[in-house]
Amino acid sequence: MEKQTLLYEGKAKKLYQTDEAGVLWVEYLNQATALNGAKKDTVAGKGALNNQITSRIFEKLAAKGINSHFIQQLSESEQLIKEVTMIPLEVVLRNIAAGSFSKRLGIAEGTPLTFPIIEFYFKEDALDDPMINDEHVQVLNIASPAEITELKAMTRAINQALVEMFQEIGIRLVDFKLEFGKTADGTIVLADEISPDTCRLWDAKTNDHLDKDLYRRDLGDIVPVYQEVLRRLEA
């Protein structure tokens, strides 16, 4: 397998074409961002940690029957994925009140929710990724009613798998963001990454942050806690 033309460079990754049709080469970058890119820093080692954490999580989800674009980890900071057409949605699931959810609704951070809540955000940097509802999704021709139902069902199934996975290693899954893509035949699969960048993770005993909130809120260095998440996943 050979890495070829650079196809895309984003905040956290570079995507390259390969010499095999339908397979992309992903390089994770040492870049931390927050506030839709308004805050940005280079953090040595972050890319490798997110690549390895995502790889372990996608492998564990595959063992539970959840399909994704992930093929295999190539190196500490690189992996192979299936080429998919990304759906321009961030699908957020919240188990516990935190962050913007707490601010919007006045619910104290750390309050367990009666049931997991799903929110959609339109992936459009120029609009600051606004929160939208099911009808907005349809009007924007992002997904059909049947696909919306499928996205929600997949997200709930992934949540259940992740909650169990993290509970086993002493971590509370507060909330997380997912992205999905369509394969050539139209099948919807999990895509992008699952890491402390895209999840709120709290230590089950102390409620200490094991996620990017340390960077967002200027609470400390993210590298040691990302290393701890990886250590627990590999234990």
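Tutor: Let's begin with a definition: buried means under 20% relative accessible area, exposed over 50%, and partly exposed in between, with a 1.4 Å probe and protein chains only as cover. This is a predicted model, in which local features need pLDDT of at least 70 and side-chain atom pairs count only at pLDDT 80 or more, while totals for chains, interfaces and linings use all residues. Residues are numbered from 1 along each chain as its sequence is written, and side-chain values use heavy atoms, with hydrogens and water left out.

Student: Why does Asp197 count as buried?
Tutor: Asp197 has 11% relative accessibility, and the cut-off is under 20%, so Asp197 counts as buried.

Student: Where does Asp197 lie, and what does Asp197 touch?
Tutor: Asp197 lies in the loop between strand E13 (188-191) and strand E14 (199-203). Helices (H or I, at least four residues) and strands (E, at least two) are DSSP runs, numbered from the N terminus. Contact means heavy atoms within 4.5 Å; leaving aside residues up to four places away in sequence, Asp197 touches Lys46, Asn50, Lys212, Arg216 and Tyr226.

Student: What makes the pair Asp197 and Asn50 a polar contact?
Tutor: A polar contact is a pair of N or O atoms within 3.5 Å; within protein, one must be able to donate a hydrogen and the other to accept it, and residues adjacent in sequence count only if both atoms are side-chain atoms. The side chains of Asp197 and Asn50 are joined at 3.0 Å, which is within the 3.5 Å limit.

Student: How do you know that the span of helix H1 agrees with its number of residues?
Tutor: The expected span is 1.5 Å times one less than the number of residues. For the 18 residues of H1 (residues 46-63) that gives 26 Å, and the end C-alpha atoms are 26 Å apart, so the two agree.

Student: What makes H1 mostly covered?
Tutor: In H1, 14 of the 18 residues are buried. Just after H1, Gly65 takes a positive phi of about 85°.

Student: Which strands pair with strand E12?
Tutor: Two strands pair if DSSP finds at least two bridges between them. Strand E8 (residues 85-86) meets that with two antiparallel bridges to E12, and Thr85 has Lys182 as its bridge partner in E12. Strand E9 (residues 89-96) pairs with E12 in the antiparallel sense over four bridges, where Arg94 is partnered by Asp175. E14 and E12 are also antiparallel, over five bridges, and Asp175 has Arg200 as its partner in E14. E13 pairs with E12 in the antiparallel sense over four bridges, and Lys182 stands opposite Ile188.

Student: What lies between E12 and E13?
Tutor: E12 and E13 form a hairpin with five residues between them, and Gly186 in the turn has a positive phi of about 90°. E12 (residues 171-182) is mostly covered, with 10 of its 12 residues buried.

Student: How do you know that the chain agrees with a compact globule?
Tutor: The radius of gyration is taken over C-alpha atoms, and the globule rule is 2.2 Å times the number of residues to the power 0.38. With 235 residues the rule gives a value near 18 Å, and the chain has 17 Å, so the chain agrees.
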